[in-house]
Amino acid sequence: MLQASMIRNALQHLGAVAALLLAGCRGREPAPGGALERDAAILAARTLGLAYLQKNQLAQAETSFRRIVAFAPDQALGYANLGLVQLRQGRYREAETAIRRAAALDTANDDIALTLAKVYELTGRSAAARAEVDRVLRRSPHDLRALYALVQLDSASRESYLRQIVERAPVNVAARLELADLLLAHGAADPAAAQLEALQRQLPELPREATRFFERALALARAGRAAAAAAPAARFHRFMETTAAYQASLQKLQGASGAAPPAGYPILTFNPIITPPAQDARAIAAAIRFVDVTTAAGLVGLPPLPDTAGGSALAIGDYDGDGSEDVFVGGHLFQNGLGRAADATTRAGIHLRDRAISATFGDYDNDGRLDLYVATAGGGVLLRNAGDSTFTDVTTAAGLGGAPPATTALFVDLDHDGDLDLFLATPAGNRVYRNALNGPFQEMAGPMGLGGGGASRDAAFGDLDGDGFTDLVVVGGDGRLTLFRNAGQGRFEDATATSGLAQARTPGRAAAVAIGDYDNDGFLDLFVASTGGTAPVLYHNRGDGTFEPDRRSAPLAALRTLAARTALFFDFDNDGFLDLIVGGTPTKAGGRSLFLFRNDQTGRFVDYSSILPTGLDPARRVVAVDYDHDGDLDLIVVGSDGRPRLLLNEGGNANQYVQVQLAALRTGSGKNNAFGIGSTLELRAGKLYESRVVTGRVTHFGLGPHLKADVLRVRWPNGVAQTVYYPGTDEDILEQQILKGSCPFLYAWDGKAFRFVTDVMWRSALGMPLGIMAGGRDIASAPPYASREYLRIPGRLLAPQNGPRGRYVLQLTEELWETAYLDQAKLLVVDHPDSVDVYVDEGFVPPAPGPAAVRLYRVSHPRSPVSATDEHGTDWLAALRARDDRYVAPLTLTRYQGLATLHDLILDFGDLKGLDSVYLFLAGWIYPTDASINIALAQAGKPGVIFPYLEVKDPQGRWRRVADVSFPSGKDKTVIVDLTGKFLSADHRLRIRTNMEIYWDQAFVAGAGEASAASTTTLDPMTADLHYRGFSRLYRKGGRYGPEWAAYDAVSRESPWEPIVGDFTRYGDVLPLVRAPDDMYVIMAPGDEATLTFDASAAPPLSPGWTRDFLLYTDAWLKDSDRNTALGGSVTPLPFHGITRYPYGAGEAYPTDAAHTRYRETYNTRRVERTRAILESSNRFPR
């Protein structure tokens, strides 16, 4: 409940609010009839009424909203919220009258319509309720509350609406569990298993008492036993209902009405017809007041610090998962319970021996729960969240026992390997503890290029130059500012000298630093506060990571009277532009200790400090957080005595907002940290563009005059972008499982259309760190040699265009985030008797220098297995009899993409006597790891990939390893294993074991000899044309266990990837570049397509009784753009056939003779640069 003292505080400030509104509108002519005074009263009543409503103090809320109705009968807000109060009181007739009046005044307001629908539902008028909800969905087809209302109103279509909710909000646990239960009730076992598998990939580690019910339900659903699975699934659902995560997701479906009584949605903003000046941004800002409610909110009980003490810790984070931000301050943990804090330090298991001087929340172990690092006067303590609202001290086990005291602590993924590292600014200098996730942290400041430079006291992070890597700005103990630019693969370079940070080498000036895009141009700017006596500096980012002082904001000069300790960008008035708060110690008696500057929407800052409370102690730290869940950012300030002050923002929610929370996948990915720390978020609402760097669990955007945002895009730390159109007020974004790098796609003309065949160039991986895949603990790189491979194209997939004597047409497309270098392509026409099939081994072989040999395998009498099981004894015989997209699946996935638990395929082909030679043919596909995953595995120092190997039974019946087995080179490939002489006994069973994410589709053996009866004709390309095409729609062939397949006729021209920088081959004729392996090749960017044609008439006529298949040969390189691929973001350095290392070894260089120079000047003229922003900005201000 809202405490009486908090209400009294608010009432005391209402008169001041009206005065501030008038002051904010100085220079305007007074409106007739005292419009300014009227609007001031309206805004003040709105602020107080919403505060009462949030705390369910309905009588007081009614009084406030009746005042709005009296002052503004043309406004929907008063009537709507008055009706909401009456609805919650059970006064349905009065509520309906008020809400219908509101709906008539604002016909486009979804909240009003949904509240009216609730009135109809509660009074037994389901048809009328349905009509209102339908009207909302016509305007806002993805409104979760409206869709969930139909789940309740339309039982016949519940499944359809739940599917829409899950598709729109995949992170919503409540909706997905309800859908799984419903599917099981309908007997749909496999779709229900898919929903449970999705939950498994996103939920934090399940409590032990719930795990057995979940696992039982999933196993039964996978086995097709829907009725049996329903009971354990329901038990699991009931357990989850008691968890904070479930309740938070349910509230997002039911809106603010999630608490009893469940009725309606409060209206925060005025409808567009409101009269000036209340809609004027300055007036709204001036009407805001920050109210000190520390005592009433329960943030009390901390002993004061002595004047001689150093820093005091302050961190915010939702450690218990209930959706409210909790507060750690001065060694005490306060649990936020609907705006009222309770000291949970002892029951949370926090016992600190020394004074806490800095702290940060972060999920260091990627289990979905926020952990806590506390820097103390004696060192540091790492507290792991146990998942039951308690913490466990894991400092020693985590390797942090020797960490020095730190004035600033940051959790951030500095090496982009998917887990959070720990940066400490300390009197002993920078310390960087690299996270090995499952192992101890390692101090790496020196090797990473972040050491040296003496003491440090503050730091901030973000992608300052737009290259996708997280950079660091550090304030030294001597006041020097240092910019560390992230060079990739965990290496940083001191870029201060070339950055334009003029004061960087002047000791004694910098005291604190803040990072934010204050001018909404898509690039992160800097604010550097001074230690007193000198002016601070606002640095504008030129768009390339260099900076220029922005001296347009004269009011910032007031900070000369402040010895700053802390600074922060935040949007206090929800106008979509970042404002600035700066705290410290006044240099003059009676001076301010906390300054608030409002961004006037032109990138200039105006002093709004007068809306802050007076009498604040000198400020040590400040954070901005929506503490009371009312849609605007409040402030928590720690004073010189180490005690917090909670300053509630009253009125900042006059403008709408969007709050974004990111959630990375827990299993089967491992590419991003759990809450997406370090991601870039971009939002557009009309002409308003904003960008933010994700520094915590929730990222806040104000929308200004807009009711909704149009588009929101996240660029995760691993570089993958996701776009959400028309995001909701509380938008949760679940990481999508996207294969960002693999290989170019091959399509063939089959006589009717272009069909996807497979992926190509799989053997090349320029700059790819292999890590543990190399067989040791050191990080090794893939061989730099060209991929020379032969791939089979079944005859049914390739037919000549324009008749039998026409042309064979192939399309090679680059659709992933990578660069392809195609040096040669040729088509082999393979004619053979139709009584046999012809195969080539498409298993992965590391590239090597020299030409590639090809062997054709002729199969006339394939033998399917008589039994096929896995390590659990599951029968997979039916799945392996034919190449039919039925796979040996599911596998038990681990944290990382491409890795599963160790799994077996045990095959028995019966008696193989009488075969002179025996070959095993395995068809399937692989989901690979990537460069950053390889780095993470290498850092952990534990075995990563276990390549497939073959075992057979010895005479004693024991399994013996007899051969290595290659894995499929991508999608739908055939692996061939020579079994001749491999069996050690009469038992011809064989076992293939690996932990790679390989899905087998078919298995057979044959006595396949050399295909001597086949006729092979080699065709060089007739034409080769490079052009832009775009990106095909991808789908899972064969269901959720099948590979991503591409639909050629469904294409988008918009790239999902950030640009790769460099000189690509110009569009047009490229035939001279693909005829010979001469290091003069086609350089393809994402979205490019190379059309290759071959003369069908050059192949001999097909003999009677024969059939035709094809082989495509390519000589090429591939370099993906993973954050940890060496130079993955650029075209150069160019590969060549004589290369021995990538990047180049000593003395190596691309050829510079006349022919190669002419090639580069003639063909590689299509320059691609880095874009300014993912979403083009329109808010750029002249200077």
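Strand E11 is covered on both faces: Asp-421, Phe-423 and Ala-425 are buried on one side, Leu-422 and Leu-424 on the other. Buried here means under 20% relative accessible area, with a 1.4 Å probe and protein chains only. E11 spans residues 421-425, and five of its five residues are buried. Strands are DSSP runs of E of at least two residues, and helices are runs of H or I of at least four, both numbered from the N terminus. In a regular strand the side chains alternate between the two faces of the sheet.

A word on the model. This is a predicted model, where local features need pLDDT of at least 70, side-chain atom pairs count only at pLDDT 80 or more, and totals for chains, interfaces and linings use all residues. Residues are numbered from 1 along each chain as its sequence is written, and side-chain values use heavy atoms, without hydrogens or water.

Back to the sheet. Which strands make it up? It is open, with four strands in the order E10-E11-E12-E13 and antiparallel pairing. Strand E10 (408-412) and strand E13 (442-443) are at the edges with a single partner strand each, so one side of each has no neighbour in the sheet. Pairing requires at least two DSSP bridges between two strands.

Now the bridges. E10 and E11 run antiparallel and share five. There, Thr-408 has Ala-425 of E11 as its bridge partner. E11 and E12 are antiparallel too, over three bridges. Leu-422 stands opposite Tyr-433 in E12. Tyr-433 also has a bridge partner in E13, Glu-443. E12 (residues 431-434) and E13 pair over two bridges. The hairpin of E11 and E12 has five residues between the strands, and Gly-429 takes a positive phi near 105° there.

Next, helix H15, residues 244-254. Its buried residues are Tyr-246, Ser-249, Leu-250 and Leu-253. Why are they on the same side of H15? Because they cover an arc of only 105° around the axis, taken from the directions from the helix axis to the C-beta atoms. Their cover includes helices H9 (144-153), H10 (158-168), H11 (173-185) and H14 (226-240). Gly-255 follows H15, with a positive phi near 70°.

Last, confidence. pLDDT is the predictor's confidence in each residue, from 0 to 100. The protein chain averages 89, and 91% of the residues score at least 70. Over residues 1-33 the pLDDT is below 50; beyond near neighbours in sequence, that stretch has 57 contacts in the model. A contact is heavy atoms within 4.5 Å. Residues 257-262 also stay under 50, with eight contacts beyond four places in sequence.

Key
Buried < 20%, exposed > 50% of the residue type's maximum accessible area, 1.4 Å probe, protein only.
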